[in-house]
Amino acid sequence: MDNVDIRYDLNIKIADNIYGQLKRISISTFQLITAFILSNIILRGLTGLAAKLLGYSINITYNGVIVSPGDYHYWNFGSILAVHFIPPVLCLLLGILVLGVLTAFDTAKRIHIFLFWLATCLVNICLAQLLFAPLGAGGESSEFFQTFSIFGSYLGMGAAGMIVFTLVSVIASLLWGSK
């Protein structure tokens with residue numbers, strides 16, 4: 001196992017009070033919420049950009065990106081792949097990249113925490129889309145009929161077939177958490 005340089009000093013005594021603790025918790029919570037919103041915007045923006053580049057009309061809402069027309073006659077495998085599969089995978093890769101940048105550079109503490117939350121949210125938004133894909137199979141639940149669910153439905157996979165997506169998500173989450 002590689003030796004990891006962790007910078008800390010056990011001899012430093014910091015006068016900490018309830019105000020300081022609440023301030024740190026509040027700032028970290030605000031950064032987590034901001035990172036989640038930003039990761040959601042990135043996913044929706046990438047989906048909308050891909051759809052727009054392919055000539056589809058889009059309506060970006062809080063719950064997702066509505067791409068028109070929704071009928072499968074107007075779609076092919078390449079467009080489904082570009083609009084509904086690649087954006088969450090790009091979020092995953094961007095999260096891994098942000099985490100790599102985070103570990104490579106010495107950044108200011110608050111920016112460091114925000115980048116950590118952003119990387120975590122970008123990775124988890126992709127894994128969550130995989131996890132919940134079976135719930136949106138075939139468009140039965142409009143809230144879950146997004147990204148990988150649309151991709152699996154186009155391939156003719158039912159909810160049982162999309163259990164593979166859930167297993168991949170769980171295994172990837174376990175591997176990510178064991179780093």
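# Aromatic pairs and helix packing in a predicted model

F77, F85 and F151 form one aromatic cluster in this predicted model.

Q: Why is the pair of Y56 and W75 called stacked?
A: The ring centres of Y56 and W75 are 4.1 Å apart, and the planes stand at 10°. Stacking requires planes under 30 degrees apart. The pair is therefore stacked.

Q: What does the pair of Y56 and W75 tie together?
A: Y56 sits in the loop between α1 (18–53) and β1 (57–60). W75 sits in the loop between β2 (65–68) and α2. The pair therefore ties together parts 19 residues apart in sequence.

Q: Are Y56 and W75 buried or exposed?
A: Both Y56 and W75 are buried. That label calls for under 20% relative accessible area.

Q: Why is the pair of F116 and W117 called tilted?
A: The centres are 5.3 Å apart, and the planes of F116 and W117 meet at 55°. Stacked needs under 30 degrees and edge-to-face over 60.

Q: Why is F116 called partly exposed?
A: Its relative accessible area is 39%. Buried means under 20% and exposed over 50%. F116 falls in between, so it is partly exposed.

Q: Why are α2 and α3 called roughly antiparallel?
A: The axes of α2 (residues 77–104) and α3 (residues 109–131) cross at roughly 155°. The label applies over 145 degrees. The two helices are therefore roughly antiparallel. Their axes come within 7 Å, and the crossing is left-handed.

Q: Which residues make the contact of α2 with α3?
A: From α2 they include P88, V89, C91, L92 and L94. From α3 they include H112, L115, F116 and A119.

Q: How do the residues of this contact divide into nonpolar, polar and charged?
A: The contact of α2 with α3 has 16 nonpolar residues, 2 polar and no charged.

Q: What makes α4 largely enclosed by the rest of the structure?
A: Of the 8 residues of α4 (residues 147–154), 7 are buried, so the helix is largely enclosed. The buried residues are T147, F148, S149, I150, F151, G152 and S153.

Q: What covers the buried residues of α4?
A: The cover includes α2, α3 and α5 (163–177).

Q: Which residue with positive phi follows α4?
A: G156 does, with phi near 85°.

Definitions and conventions. Residues are numbered from 1 along each chain as its sequence is written. This is a predicted model: local features need pLDDT of at least 70, side-chain atom pairs count only at pLDDT 80 or more; totals for chains, interfaces and linings use all residues. Side-chain values use heavy atoms; hydrogens and water are left out. Axes are lines fitted to C-alpha atoms, for helices over the stretch in contact, and angles run from 0 to 180 degrees between N-to-C directions. Helices (H or I, at least four residues) and strands (E, at least two) are DSSP runs, numbered from the N terminus. Angles under 35 degrees count as roughly parallel, over 145 as roughly antiparallel, 65 to 115 as roughly perpendicular and the rest as oblique. A crossing is left-handed if the near helix is turned anticlockwise from the far one by less than a right angle, and right-handed if clockwise. Contact means heavy atoms within 4.5 Å. Ala, Val, Leu, Ile, Met, Phe, Trp, Tyr, Cys and Pro count as nonpolar, Asp, Glu, Lys and Arg as charged, and the others, Gly among them, as polar. Buried means under 20% relative accessible area, exposed over 50%, partly exposed in between (1.4 Å probe, protein chains only). Rings of Phe, Tyr and Trp (its six-membered ring) pair if their centres lie within 6.5 Å; planes under 30 degrees apart count as stacked, over 60 as edge-to-face and the rest as tilted.
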